[in-house]
Amino acid sequence: MDMRPAEELLKDWESEQQRLRQLVVDQDSEVWQSRPDFAGLQRVAGVDLSFIKGDEVNACAQLVVLSYPDLKLLYEDSQMVTLTAPYIAGFLAFRETPFLLEALQRLNGKDPSLMPQVVFVDGNGLFHYREFGLACHLGVLSELPCVGVAKNLLQVQGVHKSGEHQSQIAALEKGGDSFPLIAASGKVLGKALRSSESSSKPVYVSVGHKISLDTAVRLTHACCRYRVPEPIRQVHAHTSSRKSGLHCTLMIDPCKQRPESDSTKVLEAVLAVCTTG
């Protein structure tokens with residue numbers, strides 16, 4: 001765990017966010033992004049870090065790659081990790097990005113042909129305190145197009161869960177409808193999207209890297225069978241819904257790299273994840 005004094009840590013992290021923020025590309029960067037049917041897009045990914053209940057140190061870093069447009073599983077990677085940075089609101093990326101980046105690097109080492117063309121992140125991108133959330137951080141460091149999709153509204157920069165906000169949600173009549181999330185400055189930081197006909201609750205979409213907001217919203221809707229886009233829904237499902245077999249084996253694999261004395265603790269954490277949900 002990073003033991004630097006809190007003030008020093010925050011100062012360093014803020015400086016790093018400001019530096020990396022300058023590298024974010026918030027426009028379309030790939031040919032497939034400009035096509036109405038996303039022709040040329042073949043692989044989409046979802047990433048997430050799942051925490052063990054009651055454990056602030058051990059977590060499971062997860063990556064799934066799906067085919068597009070049929071959204072079938074092509075690849076999955078789940079690995080127990082030991083967190084080295086504390087949780088501080090607004091700086092989640094410093095806690096999670098290294099392990100998500102490692103998952104992408106492992107895939108690139110195993111089979112570069114399966115590398116995703118876009119990554120969905122369970123979290124925010126430009127819709128953030130300093131306009132540099134987890135989706136931006138991962139996008140800049142991986143150099144991959146990234147989209148941030150959050151299930152809950154981050155109340156930031158003048159965006160609040162007000163009566164007006166609730167009225168705008170109620171006005172979303174069908175899947176694909178959206179409205180902008182506008183900061184006090186007038187800048188559009190993201191959009192609230194009704195992603196499915198079956199759910200009236202929106203998701204909150206923002207640019208991570210190398211994609212425009214409108215394209216990010218269109219693609220998120222195209223990847224939704226339910227409220228949450230399939231890459232994120234499936235990355236969760238492969239942890240919380242599988243209770244035995246292959247997935248747990250994948251999660252146990254890291255024990256082979258640990259001292260024997262650590263294996264029991266890791267196994268207990270793995271079983272805790274595999275038997276919840």
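The buried residues of helix H3 are Leu 134, Ala 135, Cys 136, His 137, Leu 138, Gly 139, Val 140 and Ser 142, where buried means under 20% relative accessible area, exposed means over 50% and partly exposed lies in between, with a 1.4 Å probe and protein chains only. This is a predicted model, in which local features need pLDDT of at least 70 and side-chain atom pairs count only at pLDDT 80 or more, while totals for chains, interfaces and linings use all residues. Residues are numbered from 1 along each chain as its sequence is written, and side-chain values use heavy atoms, with hydrogens and water left out.

Helices (H or I, at least four residues) and strands (E, at least two) are DSSP runs, numbered from the N terminus. With 8 of its 9 residues buried, H3 is mostly covered. The cover over these buried residues includes H1, strand S1 (43-51), H2, S4, strand S5 (146-150) and strand S8 (203-209). After H3 comes Glu 143, which has a positive phi, near 65 degrees.

Asn 124 belongs to the loop between strand S4 (118-122) and helix H3 (134-142). Because its relative accessibility is 14%, Asn 124 counts as buried. If neighbours within four places in sequence are left aside, Asn 124 is in contact (heavy atoms within 4.5 Å) with Gly 133, Leu 134, Ala 135, Cys 136, Gly 148, Ala 150, Leu 154 and Ser 206.

Asn 124 is also one of the residues nearest the centre of the largest pocket, together with Leu 92, Asp 122, Gly 123 and Leu 154. On a 1 Å grid over the protein atoms alone, a pocket is an open set of points where a 1.4 Å probe fits, with protein on both sides within 12 Å along at least five of seven lines, and lining residues have an atom within 4 Å of a point. The volume of the largest pocket is about 500 Å³, and 22 residues line this pocket. Helix H2 (residues 92-110) gives the largest share of that lining, 3 residues. Sorted by class, the lining has 12 nonpolar, 7 polar and 3 charged residues.

**Salt bridges**

A salt bridge is a side-chain nitrogen of Lys or Arg within 4 Å of a carboxyl oxygen of Asp or Glu, and by this rule the model has 10 salt bridges. The table lists some of them.

| Pair | Closest N to O distance |
|---|---|
| Lys 174 and Asp 177 | 3.1 Å |
| Asp 214 and Lys 191 | 3.0 Å |

Arg 21, Glu 131 and Lys 187 are linked in a network of salt bridges.

In the salt bridge between Lys 174 and Asp 177, Lys 174 counts as partly exposed at 45% relative accessibility, whereas Asp 177 counts as buried at 18%.

Asp 214 forms a salt bridge with Lys 191. Since Asp 214 lies in helix H5 (residues 213-222) and Lys 191 in strand S7 (residues 188-193), the pair ties together parts that are 23 residues apart in sequence. Asp 214 is partly exposed, at 47% relative accessibility, and Lys 191 is buried, at 18%.

Methods. Points joined across faces, edges and corners; volume = space filled by probe spheres on them. Nonpolar A, V, L, I, M, F, W, Y, C, P; charged D, E, K, R; others polar.
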